[in-house]
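Let's take a friendly walk through a protein model. Keep the picture in view as you read, and look for each part as it is named.

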Amino acid sequence: MSRQIASLLAIAAVTVTLAPAPASAAPEVDCTQVKCLALTFDDGPGKYADKLLDTLKKANAKATFFLEGQYVKTRPAFAKRMAKEGHELGNHSYKHPNFTDLEPGAIRNEVKKTQDIIYKTTGVTPKLLRPPYGMADIQVSDVAAEFDMPIVLWTAGSRDWATKNADEIKKQTLAVAQRDGIILMHDWVKQTVDVMPSLVKLLQSRGYTLVTVSTLLKSQNLQPGDIYPVPEGWER
Ligand SMILES: [Zn+2]
């Protein structure tokens, strides 16, 4: 090897070592190999999202935020921070109507306005739809397909919105957590955000890697308009 090539290689090696790896370049967790769990936070960005993001960052945990367009508009800095710190952003409608009460045009409008404001605010186009209240039918699935999105519900809830009690939220979440589970929570519930440091620590000590929904469901290969988990009696 000539001395010139050797020194060029040395420079290249130094450059590679020193270049900070962007969050998106981090190797993705393979949930077929490790015990994964996806925490999901609906209806935000909520009032307490900032504090929650601090907790997740400290624990090196990723989550998925199913955002309402109206709150992305009023709390753009939180949405930006979620995207920047490697969390997944999903679409949860603009103003939280029950999609099964709406005509397709109105569902489309809710989804599109939310896609647009999330993209405008964060540069990210959400790839998952979670309809308000988890209410979906064939029409909702058709609109999701138009936007190239599967519908993602949850495998279990923390019941945080109902109990609003930190101990109960922790107990319930630990009771329903299971490998490849998707847990429903809310970043507007103060007690959820308050209990999150100890809850995340406990989940991690039980061997869970906290990942985004897309990482969790990678091997499912969901198609636009699919719904996961498939509700009982659902037929297409
Ligand atoms: Zn909701």
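What follows is a short tour of this predicted model, from the whole chain down to single residues.

**The whole chain**

The protein chain holds ten helices and eight strands. Of its 236 residues, 39% are buried. Now think about contacts between residues with a separation of 6 or more: residues 24 or more positions apart account for 78% of them.

In soluble globular proteins, nonpolar side chains tend to be buried together. Here, the largest nonpolar core has 56 residues, and those with the most contacts inside it include Leu37, Leu67, Ile183 and Leu216. Helix H9 supplies the largest share of this core, with six residues.

Leaving aside residues up to four places away in sequence, Leu216 touches Cys31, Cys36, Ala38, Asp180, Ile182 and Val211.

**Helix H9**

Which residues does helix H9 cover? They are residues 190-205. At 1.5 Å a residue, these 16 residues should span 22 Å, and the end C-alpha atoms are 24 Å apart, which agrees. H9 also bends by about 55° at Met196, and the proline Pro197 follows within four residues.

Which residues of H9 are buried? They are Thr192, Val193, Val195, Met196, Leu199, Val200 and Leu203. An α-helix has 3.6 residues a turn, so residues three or four places apart point the same way.

What do the buried residues of H9 pack against? Their partners are strands S1 (36-44), S6 (181-186) and S7 (209-210), together with helices H2 (49-58), H7 (160-163) and H8 (166-176). Just after H9, Gly207 takes a positive phi of about 95°.

**Two pairs of helices**

The axes of H2 and H9 come within 9 Å and cross at roughly 10°. That makes H2 roughly parallel to H9. On the H2 side, Lys51, Leu52 and Thr55 meet Val193, Met196, Pro197 and Val200 of H9.

Now compare another pair. Helix H4 (residues 76-84) and helix H5 (residues 104-122) pack with their axes 9 Å apart, at an angle of about 75°. H4 and H5 are therefore roughly perpendicular to each other. Here Pro76, Ala79, Lys80 and Ala83 from H4 meet Ile118, Thr121 and Thr122 from H5.

Lys80 sits in helix H4. Is Lys80 buried or partly exposed? Lys80 counts as partly exposed, because 16 C-beta neighbours lie inside 10 Å and a buried residue needs 20 or more. Lys80 touches Thr121 and Thr122, not counting residues up to four places away in sequence. The C-alpha atoms of Lys80 and Pro45 are separated by 9.9 Å, although the two residues are 35 residues apart along the chain.

Ile107 lies in helix H5. Ile107 is buried, with 24 other C-beta atoms within 10 Å. Not counting residues up to four places away in sequence, Ile107 touches Phe99, Leu102, Gln139, Val140 and Val143. Ile107 and Val140 are 33 residues apart along the chain, yet their C-alpha atoms are separated by 7.1 Å.

Most residues other than glycine have a negative phi, and most peptide bonds are trans. The table collects some exceptions.

| Where | Feature | Angle |
|---|---|---|
| Gly44 and Pro45 | cis peptide bond | omega about 0° |
| Tyr228 and Pro229 | cis peptide bond | omega about -10° |
| Ser93 | positive phi, not a glycine | phi about 80° |
| His96 | positive phi, not a glycine | phi near 65° |

Where do these residues sit? Pro45 is in the loop between S1 and H2, while Pro229 lies in the segment after strand S8 (227-228). Ser93 is found in the loop between strand S3 (88-91) and H5, and His96 is also placed in the loop between S3 and H5.

Their surroundings are worth checking too. Ser93 is buried, with 26 other C-beta atoms within 10 Å. His96 counts as partly exposed, with 17 C-beta neighbours inside 10 Å.

How values were computed. Residues are numbered from 1 along each chain as its sequence is written. This is a predicted model: local features need pLDDT of at least 70, side-chain atom pairs count only at pLDDT 80 or more; totals for chains, interfaces and linings use all residues. The expected span of a helix is 1.5 Å times one less than its number of residues. The bend at a residue is the angle between axes fitted to the seven residues ending there and the seven starting there. A residue is buried if 20 or more other C-beta atoms lie within 10 Å of its own, exposed if 12 or fewer, and partly exposed in between; C-beta atoms are placed from the backbone. Two residues are in contact if their C-beta atoms, placed from the backbone, lie within 7 Å. A nonpolar core is a set of buried Ala, Val, Leu, Ile, Met, Phe, Trp, Tyr and Cys residues joined through C-beta atoms within 7 Å. Axes are lines fitted to C-alpha atoms, for helices over the stretch in contact, and angles run from 0 to 180 degrees between N-to-C directions. Angles under 35 degrees count as roughly parallel, over 145 as roughly antiparallel, 65 to 115 as roughly perpendicular and the rest as oblique.
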